[in-house]
Amino acid sequence: MVHVVLARKYRPRLWKEVIEQTAAVQSLQNAIKSHRVGSAYVFFGPRGVGKTTIARILARAINCENPSGAEPCDVCPSCQNILAGTAMDIIEIDAATHRGIDNVRQLRENVKFRPMQGKKKVYIIDEVHMLTQESFNALLKTLEEPPDHVLFVLATTEFQKIPETILSRCQVFTFRKVALDTIQRYMARLLDQEKILYEENALFWVARRGDGSVRDSLSFLEQAVAFCGGKVSEEKVRELVGAISSDLHLQILRALLLADSTSDDLIAPVHELYNSGSDLNRFIWDFLDFMRVAVYVQRGVTGPAFLGIPGNEIARIKEEIAGIDPALLLFLFDQLYGLLDRVYALRPRNSYETRVLLEMELLHLREKCQRPSISGILQKLKKMGEDLSRSEAGSAAPARESRVSRATRSRDGEGAAGSLRTESVSQVKPSEELPREVELQKSFLGTFVDPAQIPDLDKAE
Ligand SMILES: [Zn+2]
């Protein structure tokens, strides 16, 4: 039996099989039912989201001998011929390779003749933006006075390159990228039909790689099925995509922040990546992306499609970073961004050079993260203030207004290991955060403070 690739085998033949692109699908179906199909359409959208597929369904629907509503019957000779690609009246042109004036002149000559078999001749011009100016002018003449028996579908990924004069004679439909979870569900259905085993998260990574394109996703799925053998597993697909596990990122994050971590804890993962032949430049970018996820997760954003990682990993990250100061995460993001910038500027000649740079930068970053921060010092001040007002309240009533604002959990000032949160030291309104403190925190986060120089505030009373 001949193997047909998934993208071709499952290419929609009927309107009801199309996923997404609701606006175009509904409008075109209504136009067919009410016999108001236009003479020229522009389908604009990214690649692999169904422009040509929908153009073909439209061609079949208007040429079908026994349509049911807007849906082609799928069995009449016209439907079958179009499906097999042997219909004389459906002309598909790739404008990328037929962009010259001669091609369009020939097209204009052909347009005059009535369809040979069906009701209408349908010209599907792919990548229409590739036509030369001269060709567009020639095409325009046809669009100005199109014969009744002709329908044009101009497909493009670059809308802005199509002249206004052409657009004003067409109905324009915008096709969108398909949502990640929609593609994921769609692939799950196909694999069920194909009786191929899979892990849910494996399909997440396939869909992410497809980046909103159904065609690209299915092509990659094809590759994944071949690579995985029996079952499409998450582990194998990640290997294929080159997606590093969040576990590794968390491991490095812990090594950066925890006071009891060693340099080895930090550098071992880098060695591992280097020895396994991973692209370290890509790793820096991935870690930056992970920090973006961490920053969002901490702010309560948990959508897998938005964050670009599966739900179970998001839950794990959420748990792991719960106690970390949001400001510290942003600080780390900035530092890693700077590192990426330096790596791009230096353009290391090989991965060994990147490794040297990465190791030293990470060690340096760890040192910065573990220094006492302004947050820690402010926390001590707050505690002192609390103790003070408590003792005053105990000795002399009525109690004076608290010098310190809301009490929150915080780290103890020595390293970023524990949890820490922004505090407000206020003398006026206890519940109001002072911008001054935020300013201080921004200015001093990561600034070296010699622990020996910090007075022991607990004993300062
Ligand atoms: Zn039919």
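Mentor: Let us begin with a term: two strands pair if DSSP finds at least two bridges between them. Helices (H or I, at least four residues) and strands (E, at least two) are DSSP runs, numbered from the N terminus. The model is predicted, with local features needing pLDDT of at least 70 and side-chain atom pairs counting only at pLDDT 80 or more, while totals for chains, interfaces and linings use all residues. Residues are numbered from 1 along each chain as its sequence is written.

Trainee: Okay, how many helices and strands does the protein have?

Mentor: The protein has 20 helices and seven strands. Of its 461 residues, 32% count as buried, where buried takes 20 or more other C-beta atoms within 10 Å of a residue's own, exposed takes 12 or fewer, partly exposed lies in between, and C-beta atoms are placed from the backbone.

Trainee: What order do the strands of the open sheet take?

Mentor: The open sheet has five strands in the order S2-S3-S4-S1-S5, with parallel pairing. Its edge strands, S2 (90–94) and S5 (171–174), each pair on one side only, and the twist averages 15 degrees from one strand to the next.

Trainee: And S1, which strands does it pair with?

Mentor: Strand S1 (residues 40–44) pairs with S5 in the parallel sense over four bridges, and five bridges join S1 to S4, again running parallel. Phe43 has Ala155 as its bridge partner in S4 and Phe173 as its bridge partner in S5, while Tyr41 stands opposite Gln171 in S5.

Trainee: Is S1 buried or exposed?

Mentor: Five of the five residues of S1 are buried, so the strand is largely enclosed by the rest of the structure. Ala40, Val42 and Phe44 point one way from S1, whereas Tyr41 and Phe43 point the other way, and all are buried.

Trainee: Which strands does helix H3 lie across?

Mentor: Helix H3 (residues 51–63) lies across S1, S2, S3 (121–126) and S4 (150–156), and runs at about 170 degrees to S4. For such angles, axes are lines fitted to C-alpha atoms, for helices over the stretch in contact, and angles run from 0 to 180 degrees between N-to-C directions.

Trainee: Why is H3 described as largely enclosed?

Mentor: Eleven of the 13 residues of H3 are buried, so the helix is largely enclosed by the rest of the structure. Those buried residues, including Ile54, Leu58 and Ile62, pack against helix H2 (22–33), S1, helix H4 (77–84), S2, S3 and S4. A contact here has the C-beta atoms of two residues, placed from the backbone, within 7 Å.

Trainee: Switching topic, at what angle do H5 and H6 pack?

Mentor: Helix H5 (residues 101–111) and helix H6 (residues 133–144) pack at an angle of about 10 degrees, with their axes 8 Å apart. That makes H5 roughly parallel to H6, as angles under 35 degrees count as roughly parallel, over 145 as roughly antiparallel, 65 to 115 as roughly perpendicular and the rest as oblique. Among the residues that meet are Ile101 and Val104 in H5 and Ala138 and Leu139 in H6.

Trainee: Last one, where is Gly300 found?

Mentor: Gly300 is in the loop between helix H14 (280–298) and helix H15 (304–307). With 7 C-beta neighbours inside 10 Å, Gly300 counts as exposed. Its C-alpha atom is separated by 8.8 Å from that of Lys318, 18 residues apart along the chain.
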